Amino acid sequence: MKNMLEYLRNLQLASANLPVGGFTYSQGLEWAVEAKWVTNQIETKDWLIQQMYSTLLFCDLPILARLYRCSIHQDEQGFSDWLKNLLRQRETSELRLEEQQRGKAFFRFLQGLGGIYPWQNLLMQSQLAGFAWYGATSKISLEDLQISWSYSWLESNIMAAIKLVPLGQQAGQQLIYQLSTLLPSIITQANAIEDNDIGAGSPLVAIASSCHENQYSRLFRS
């Protein structure tokens, strides 16, 4: 049985109440709904699956693994290099700004817990970076940390869809139940990806995000 305290720390990271402002971003979904690319539960599911097999599988999860290992080995230069790689993968100014704003918010969360953070300038640039560092220093296993990140990402996006599409709460829970079954396989595949194969490829999300930056009326941050 895993250490109970580590398990509780990981649950905290996956919580929708984590004060990083995840509920204020739609990652292009708001414009996709406006453009009628996404109009119902089935199209929402398809939209999220496309991102799960591009952004999560080929970018977030493998980079999380590398940031995690750099944290364990105290490899600041390697950590910095992979952080720069991550920021390059955010294809629009809106997505890069989100990454940085959530990074600062996550770092404030860490400061509230106490402790010393020698890589402050790096940790503040990305929530994923802070997430990896905290997981490694809290002795949360990489796989558990990846589960937490993936579930948090999924829940946040479905919460946005509930407001925007709109979907009912029951439909949202159905989507979480259905799509979470894909996560174990995605995590396994992500951990087998070589360095040269890492890279997000979500052209529809990039288009939607760039259009959302100038959308006239919106609920979510740009």
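User: How do H3 and H7 cross?
Analyst: In this predicted model, the axes of helix H3 (residues 41-72) and helix H7 (residues 127-137) come within 8 Å and cross at roughly 50°. Helices here are DSSP runs of H or I, at least four residues, numbered from the N terminus. Axes are lines fitted to C-alpha atoms over the stretch in contact, with angles from 0 to 180 degrees between N-to-C directions.

User: Which word describes H3 relative to H7?
Analyst: That angle makes H3 oblique to H7. Under 35 degrees counts as roughly parallel, over 145 as roughly antiparallel, 65 to 115 as roughly perpendicular, and the rest as oblique.

User: What residues meet there, say on the H3 side?
Analyst: Among them are Ile 63, Leu 64 and Tyr 68 in H3, while H7 brings residues including Phe 131 and Trp 133. Contact means heavy atoms within 4.5 Å. The residues of this H3 and H7 contact divide into 11 nonpolar, two polar and one charged. Ala, Val, Leu, Ile, Met, Phe, Trp, Tyr, Cys and Pro count as nonpolar, Asp, Glu, Lys and Arg as charged, and the others, Gly among them, as polar.

User: Now H4. What is its angle with H3?
Analyst: About 165°, with the axes of H3 and helix H4 (residues 76-89) 9 Å apart. H3 and H4 are therefore roughly antiparallel.

User: How many charged residues are in that contact?
Analyst: The contact of H3 with H4 has two charged residues, along with eight nonpolar and four polar.

User: Where is confidence lowest?
Analyst: In helix H11 (residues 203-212), at a mean pLDDT of 82; pLDDT is the predictor's confidence in each residue, from 0 to 100. Local features need a pLDDT of at least 70, and side-chain atom pairs count only at 80 or more.

Notes. Residues numbered from 1 in each chain as written. Heavy atoms only, no water. Helix = DSSP H or I, 4+ residues; strand = E, 2+ residues; numbered from the N terminus.
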